[in-house]
Amino acid sequence: MAAPVLEPTELARSAAPHEQARTLPGAAYHHAEVFAWEQQTLFPGAWVCVGRASELAESGHRRALMIGAQPVIVTRDAQGELHALSNVCRHRGHEVLGVGDSSGSTLQCPYHGWVYGLNGRLRGGPRLRATPRFDRTDPSHALLSLPLAEWGGWIFVSASTQPPSFAAWMEGLGALLGAYELSRLRTAVTHTYEVAANWKLLVENYHECYHCDQIHPELCRVSAPLSGYDLPRRGAWRGGTMELLDGAETMSLDGRSDGVVMRGVSTELRRTIYYLSAFPNLLLSVHPDYVMTHLLRPVAPDRTAVTCSWLFPPEALDRDRFDPSYAVDFWDVTNRQDWAACEGVQRGVVAVGYRQGPFSADEAAVHQFVQQIANAYLEGSPAAVLAVPET
């Protein structure tokens with residue numbers, strides 16, 4: 001079912017080739033029914049990043065979260081295996097765990113006390129043995145199992161029982177970033193932000209540096225806004241590169257790195273920064289010496305929670321007195337500049353003067369993302385983000 005409220009003719013303009021395309025209609029960024037459709041259909045049917053596998057490293061670790069409107073639990077069992085489960089008790093539908101991280105050898109519903117293993121299988125409940133013909137081993141009593149995949153050290157979950165192929169979703173991205181050995185990176189610092197803007201505006205802003213001359217003086221001192229190139233379209237991810245200016249070692253306030261270049265990064269790659277988005281909620285900024293990520297969680301049509309993490313190779317973190325602030329301080333300044341810009345756009349998309357606007361030649365990746373969204377709205381399916389044609 002197509003997304004409500006939005007006019008197909010307006011969405012067709014957004015899905016058009018670059019030179020003819022227009023931005024999304026304003027309602028896509030602020031209308032409650034559009035947001036509800038995204039929460040009920042788009043996010044649950046996509047492959048959503050729920051964090052690093054290292055955050056659930058210990059047996060018995062449990063993470064309850066929402067994927068769109070769907071409550072989900074991710075667990076690691078005693079054998080070290082990860083599971084994604086619907087956070088809905090098979091008895092009367094109460095949530096089994098409240099949102100957040102916890103630990104335990106089982107999952108117990110707080111309503112009537114039904115107990116499940118970390119793999120979702122029913123262990124038992126009060127007085128169930130006295131219930132005639134009740135068989136707790138019947139698979140229909142287990143928590144619904146959901147698709148889960150690991151990639152680059154991150155966990156991805158779909159809240160759909162029949163999601164698109166994960167291999168197709170991430171096609172080619174692992175090979176592109178192989179030199180960075182993403183799975184071995186470790187998180188040093190995490191910041192959280194709440195931005196008064198629709199989640200799509202954050203992705204759009206991330207995918208272009210057309211604005212950099214205007215609002216990012218620190219960035220422009222270490223990387224040229226018009227440098228780099230857009231990557232060919234593959235899977236559900238999009239992005240491109242930028243190049244460091246001569247004399248800059250990495251993206252930092254003074255251009256210097258206090259870290260360690262990743263062991264697989266070639267001399268050529270030392271000048272390159274990748275800016276990539278894995279649809280719908282993971283943004284990857286890949287530097288020669290660290291990776292910064294943004295994990296987006298839509299809170300309301302006009303509000304997005306962002307978890308920003310800085311990851312480094314073990315060789316850096318194991319050094320005496322290693323200080324990641326050279327990377328953290330730079331991006332904290334830049335993030336806040338971006339959030340202010342996104343909030344300014346949010347105020348504009350609800351105004352009477354808003355119209356669907358054209359894309360500049362420097363906004364190819366933004367256009368590709370808008371095409372993905374427009375196709376998903378038109379087709380009523382998250383899988384439509386895989387079918388954006390070349391332009």
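Author: Here is a short tour, taken one topic at a time.

Reader: What kind of model is it, and how are residues numbered?
Author: This is a predicted model: local features need pLDDT of at least 70, side-chain atom pairs count only at pLDDT 80 or more, and totals for chains, interfaces and linings use all residues. Residues are numbered from 1 along each chain as its sequence is written, and side-chain values use heavy atoms, with hydrogens and water left out.

Reader: Helices first. At what angle do α6 and α11 pack?
Author: About 150 degrees, with the axes 8 Å apart. Helix α6 covers residues 199-206 and helix α11 covers residues 364-379. That makes α6 roughly antiparallel to α11. The crossing of α6 past α11 is right-handed.

Reader: Give me the terms behind that.
Author: Helices are DSSP runs (H or I, at least four residues), strands are runs of E (at least two), and both are numbered from the N terminus. Axes are lines fitted to C-alpha atoms, for helices over the stretch in contact, and angles run from 0 to 180 degrees between N-to-C directions. Under 35 degrees counts as roughly parallel, over 145 as roughly antiparallel, 65 to 115 as roughly perpendicular, and the rest as oblique. A crossing is right-handed if the near helix is turned clockwise from the far one by less than a right angle, and left-handed if anticlockwise.

Reader: Which residues make the contact between α6 and α11?
Author: From α6, Trp199, Lys200, Val203 and Glu204. From α11, Val366, Phe369, Val370, Ile373 and Tyr377. Contact means heavy atoms within 4.5 Å. By class, the α6 contact with α11 has seven nonpolar, no polar and two charged residues. Ala, Val, Leu, Ile, Met, Phe, Trp, Tyr, Cys and Pro count as nonpolar, Asp, Glu, Lys and Arg as charged, and the others, Gly among them, as polar.

Reader: And how do α6 and α10 cross?
Author: At roughly 125 degrees, and their axes come within 10 Å. Helix α10 spans residues 325-349. The two helices, α6 and α10, are therefore oblique to each other. This crossing of α6 past α10 is right-handed.

Reader: Who touches whom in α6 and α10?
Author: Leu201, Leu202 and Asn205 in α6 meet Asp338, Trp339, Ala341, Cys342, Val345 and Gln346 in α10. The contact of α6 with α10 has six nonpolar, two polar and one charged residues.

Reader: Switching to charges. How many salt bridges does the structure hold?
Author: Ten. A salt bridge is a side-chain nitrogen of Lys or Arg within 4 Å of a carboxyl oxygen of Asp or Glu.

Reader: Which residue pairs with Lys200?
Author: Glu38, at 2.7 Å from N to O. Glu38 lies in helix α3 (residues 32-45) and Lys200 in helix α6, so the pair ties together parts 162 residues apart in sequence.

Reader: Glu38: buried or exposed?
Author: Buried, with a relative accessible area of 1%. Lys200 is buried too, at 0%. Buried means under 20% relative accessible area, exposed over 50%, and partly exposed in between (1.4 Å probe, protein chains only).

Reader: What about Glu181 and Arg263?
Author: Their side chains meet in a salt bridge of 2.7 Å, N to O. Glu181 sits in the loop between α5 (173-176) and β12 (186-195), and Arg263 in the loop between β13 (237-243) and β14 (272-278), 82 residues apart. Glu181 is partly exposed at 28%, whereas Arg263 is exposed at 55%.

Reader: Where is Pro280, and what is its peptide bond like?
Author: Pro280 is in the loop between β14 and β15 (282-286). The bond from Phe279 to Pro280 is cis, with omega near 5 degrees.

Reader: What is the phi of Arg321?
Author: Positive, about 60 degrees, although Arg321 is not a glycine. Arg321 is in the loop between α9 (314-317) and α10. At 81% relative accessibility, Arg321 counts as exposed.

Reader: And Val5?
Author: Val5 has a positive phi of about 75 degrees. Val5 lies in the segment before α1 (8-14) and is partly exposed, at 38%.
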